[in-house]
Every structure is written in C-alpha cells, then in structure tokens.
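I kept each entry to what I looked up.

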Amino acid sequence: MTLKERVEQALDKVRPHLQADGGNVELVDVTEDGIVKVRLVGACGSCPMAGMTLAHGVTKAVKESVPEIKEVVAV
C-alpha cells in the first residue's frame, strides 16, 4: 500500500465526524518529505474551529495511522 493510500485510509476515519457537521476533508498531496496537504471543504472550510479540527482531529488521525508523516497542513 502506498503512503498516499495509507493517508487516505486515515482520513476516512475522521470523515464521518466532519460529514456529520456538513464538511469534509480532501487529500491534495503527500510530499516525499512527509508533508500531507489537505483541504477542508463544505462547512469545515469556513468554520472558525477549522484550525482546531485540523490540529486535533485530522493531524492526530493521520500521524497515528502513518507515523512517518511529519506535518499536516491546510492548503
């Protein structure tokens, strides 16, 4: 399984929570140096809590499932 596929599986774990609030997360890229680029969409894209969602939800899920990831950033 590729690194990108593993990251996508990790994102699938948090998607139901985001979708319940009218949002979602889209994987944009996974760089060779371990940076995951995501886009928060729907309600999550304009939510004032988006930063916390990214830091405590998305980043945590990705790093737990794919420990070689160094950082998750919103683009």
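Entry 1. I began with aspartate 12 and arginine 15, which both lie in helix 1, 3 residues apart, or about one turn of the helix. Helices (H or I, at least four residues) and strands (E, at least two) are taken as DSSP runs, numbered from the N terminus. The side chains of aspartate 12 and arginine 15 meet in a salt bridge, at 2.5 Å from N to O. For a salt bridge I required a side-chain nitrogen of Lys or Arg within 4 Å of a carboxyl oxygen of Asp or Glu.

I note that the model is predicted: local features need pLDDT of at least 70, side-chain atom pairs count only at pLDDT 80 or more, and totals for chains, interfaces and linings use all residues. Residues are numbered from 1 along each chain as its sequence is written, and side-chain values use heavy atoms, with hydrogens and water left out.

**Entry 2. Cover over that pair.** Is arginine 15 buried or exposed? Arginine 15 counts as buried because its relative accessibility is 12%, whereas aspartate 12, at 41%, counts as partly exposed. The classes are buried under 20% relative accessible area, exposed over 50%, and partly exposed in between (1.4 Å probe, protein chains only).

I then listed the neighbours of arginine 15. Not counting residues up to four places away in sequence, arginine 15 touches Glu8, Asn24, Val25, Glu26 and Leu27; contact here means heavy atoms within 4.5 Å.

**Entry 3. Total of salt bridges.** How many salt bridges does a search of the whole structure find? The search gives 4.

**Entry 4. A pair between strands.** Arginine 39 forms a salt bridge with glutamate 26, and their closest N and O atoms are 2.4 Å apart. Arginine 39 lies in strand 2 (residues 35-42) and glutamate 26 in strand 1 (residues 23-30), so the pair ties together parts that are 13 residues apart in sequence. Arginine 39 is partly exposed, with a relative accessible area of 34%. Glutamate 26 is partly exposed, its relative accessible area being 34%.

I also checked what surrounds glutamate 26. Its contacts, leaving aside neighbours within four places in sequence, are Arg15, Lys37, Val38, Arg39 and Val41. The C-alpha atoms of glutamate 26 and valine 41 are separated by 7.1 Å, and these residues are 15 apart along the chain.

Entry 5. The side chains of glutamate 68 and arginine 6 meet in a salt bridge of 2.6 Å, N to O. This pair links distant parts of the chain, 62 residues apart: glutamate 68 is in the loop between helix 3 (50-65) and strand 3 (71-74), and arginine 6 is in helix 1 (residues 3-20). Glutamate 68 counts as partly exposed at 41% relative accessibility, and arginine 6 counts as partly exposed at 25%.

**Entry 6. A buried leucine.** Leucine 11 counts as buried because its relative accessibility is 0%. Which residues are in contact with leucine 11, leaving aside its neighbours within four places in sequence? They are Val25, Leu27, Val38, Val58 and Val62. For valine 38, 27 residues from leucine 11 along the chain, the C-alpha separation from leucine 11 is 9.7 Å.

**Entry 7. The chain as a whole.** I recorded 3 helices and 3 strands for the chain, in the pattern α-β-β-α-α-β when read along the sequence. The radius of gyration of the chain is 11 Å, close to the 11 Å that the globule rule gives for 75 residues, so the chain is as compact as a globular protein of that length. This radius is taken over C-alpha atoms, and the globule rule is 2.2 Å times the number of residues to the power 0.38. The C-alpha atoms fill a box of roughly 30 × 20 × 20 Å, taken along the principal axes.

Buried residues make up 36% of the 75 residues in the chain. Of the contacts with a separation of 6 or more, 45% are accounted for by residues 24 or more positions apart.
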